[in-house]
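Subject: Handing over a structure, with notes

Dear colleague,

I am passing on to you the structure below, and I would be grateful if you could look through it alongside the notes that come after it.

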Amino acid sequence: MVTLKEIAKRCDVSVSTVSNILNGVPKVSEETRQKVLQVIRETGYQPNYIAQGLRKKKTKLIGIIAEDISLFSTPIIIESIMSYCETKNYRTIMVNLRLYARWNEQWYHDEEEYDSVLNPAIQELLSIKVDGIIYVPGHARNMRCFGEDFKIPAVMTYGYTHTPEFPSVVIDDEKGGYDMTEYLLKMGHRRIGIIGGRKDNIHMDKRLLGYQRALFDRQIFYNPDLVCYGNWDRECGYEGAKILIKKNVTAIFCLSDVIAGGVYDYLEENELEAPEDISVVGFDDQVIAQYFRPSLTTAALPLKEIGKKAAELLIRSLDGDEEQTENQSGEVALPCSVIIRKSVKKLL
């Protein structure tokens, strides 16, 4: 294999000059840079990043652990992580745990099954000397995948860590619930039903808290009878609509766009229409939302921003940036955006 030293000799420059060019350090003339790059192309030289990392005790390699890349939120977060790392001359390597593909949703409370997949993934990344790890769960929950004695920096996205040593970058679900409810209130709705997920789900709890706070600020009593729990699926939207429409709500706030699909199913089956007969809003801004008829007003998740922020926090830690924000050790919550489409009617 061609070595760095041989490249330097052929170009009549120092080894450090070739290294600087490979690492994007702007300390050489453009003429020299192009000359070195041409020789690199001709010889097919490939840097040995592992060997470099062992010498420098830093590989410029970041590991990404995804619980399942088939979930709608995960690819966007991962792409954003990779994009930011690329701008900082860090490379990434990803491990897909495939938890949902393996066990659907049956693994949440089975630590043994979870650890049987997670621990080997972590050990694999540590064995190739990654500088840090970013974890991407499938949904927000309190996580303990990094122990307090974990040896390298790590960041949690879309979930919460149990220790401030490892920052969490999450959705501001409470504000998202508040902002969507406030939008419905401004459109004249006072009797607003909720259809969401399980009672023990953080997304559900925080979005519901935002809904409650928006009602409180408008001096409207919170009615728990207008809240339906389910499994975040289309069926629970259908069943929830059946209950809430009988309770004379004027709007239904679905805590996911998939749930809203079930509400639309019920309306069509019963010869009702949104928004003329009842207003409907969702959450997540999945691609399907804009294809509903009428197109669905919803809340867009800051998935790109979450990925970028997680990578930024990790790289700041690895590079020893002294201008880190106070939130680097702790929780960073990023806001959602209300996307107004055609599924809400303004009441007089």
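The notes below go through the sheets, a helix pair, some single residues and the aromatic rings.

Please keep in mind throughout that this is a predicted model.

I begin with the sheets. One of them is an open sheet of six strands, which has the order S2-S1-S3-S5-S7-S13 and parallel pairing. Strand S2 (91-96) and strand S13 (331-334) stand at its edges, and because each has a single partner strand, one side of each is left without a neighbour in the sheet. Neighbouring strands of this sheet are turned against each other by 20° on average, if direction is ignored. Helix H5 (residues 74-87) packs on the sheet, where it touches S1, S2, S3 and strand S5 (154-157), and the direction of H5 makes about 175° with that of S1.

Strand S1 (residues 61-66) runs parallel to S3 and is joined to it by five bridges, while S3 and S5 pair in the parallel sense over three bridges. Is S3 buried or exposed? Five of the five residues of S3 are buried, so the strand is largely enclosed by the rest of the structure. In a regular strand the side chains alternate between the two faces of the sheet. In S3, Gly-132, Ile-134 and Val-136 point one way, whereas Ile-133 and Tyr-135 point the other way, and all are buried.

The other sheet I would mention is an open one of four strands, in the order S9-S8-S10-S11 and again with parallel pairing. Its edge strands are strand S9 (227-228) and S11, each of which pairs on one side only. Strand S8 (residues 192-195) and S9 run parallel and are joined by two bridges, and in S9 the bridge partner of Ile-195 is Cys-228. Helix H10 lies across S8, S9 and strand S10 (251-254), running at about 155° to S8.

Turning to helix packing, helix H2 (residues 15-22) and helix H3 (residues 30-43) pack at an angle of about 85°, with their axes 10 Å apart. The two helices are therefore roughly perpendicular to each other. On the side of H2 the contact is made by Thr-17, Val-18, Ile-21 and Leu-22, and on the side of H3 by Thr-32, Arg-33, Val-36, Leu-37 and Ile-40. Sorted by class, the contact of H2 with H3 has six nonpolar, two polar and one charged residues.

Two single residues are also worth a look. Leu-118 is found in helix H7 (residues 111-127) and, at 1% relative accessibility, counts as buried. Leaving aside neighbours within four places in sequence, Leu-118 is in contact with Ile-65, Leu-97, Tyr-135 and Cys-145. Gln-286, for its part, lies in the loop between S11 and S12 and is buried, with a relative accessible area of 18%. With neighbours within four places in sequence again left out, Gln-286 is in contact with Phe-72, Asp-257 and Val-258.

How many aromatic pairs does the structure hold? There are eight. In one of them, Tyr-238 and Tyr-266 are edge-to-face, at 5.3 Å centre to centre and with 80° between the planes. Tyr-238 lies in helix H10 (residues 234-245) and Tyr-266 in helix H11 (residues 257-269), so this pair ties together parts that are 28 residues apart in sequence. Tyr-266 is buried, with a relative accessible area of 10%. Another pair is formed by the rings of Tyr-264 and Phe-292, whose centres are 5.1 Å apart and whose planes stand at 35°, so that this pair is tilted. This pair too links distant parts of the chain, with Tyr-264 in helix H11 and Phe-292 in the loop between strand S11 (279-281) and strand S12 (298-300), 28 residues apart. Tyr-264 is buried at a relative accessible area of 11%, and Phe-292 is buried at 15%. Elsewhere, ring pairs link Tyr-135, Phe-146, Phe-150 and Phe-166 into a cluster.

With best regards

How values were computed
Residues are numbered from 1 along each chain as its sequence is written. This is a predicted model: local features need pLDDT of at least 70, side-chain atom pairs count only at pLDDT 80 or more; totals for chains, interfaces and linings use all residues. Side-chain values use heavy atoms; hydrogens and water are left out. Rings of Phe, Tyr and Trp (its six-membered ring) pair if their centres lie within 6.5 Å; planes under 30 degrees apart count as stacked, over 60 as edge-to-face and the rest as tilted. Buried means under 20% relative accessible area, exposed over 50%, partly exposed in between (1.4 Å probe, protein chains only). Contact means heavy atoms within 4.5 Å. Axes are lines fitted to C-alpha atoms, for helices over the stretch in contact, and angles run from 0 to 180 degrees between N-to-C directions. Angles under 35 degrees count as roughly parallel, over 145 as roughly antiparallel, 65 to 115 as roughly perpendicular and the rest as oblique. Ala, Val, Leu, Ile, Met, Phe, Trp, Tyr, Cys and Pro count as nonpolar, Asp, Glu, Lys and Arg as charged, and the others, Gly among them, as polar. Two strands pair if DSSP finds at least two bridges between them.
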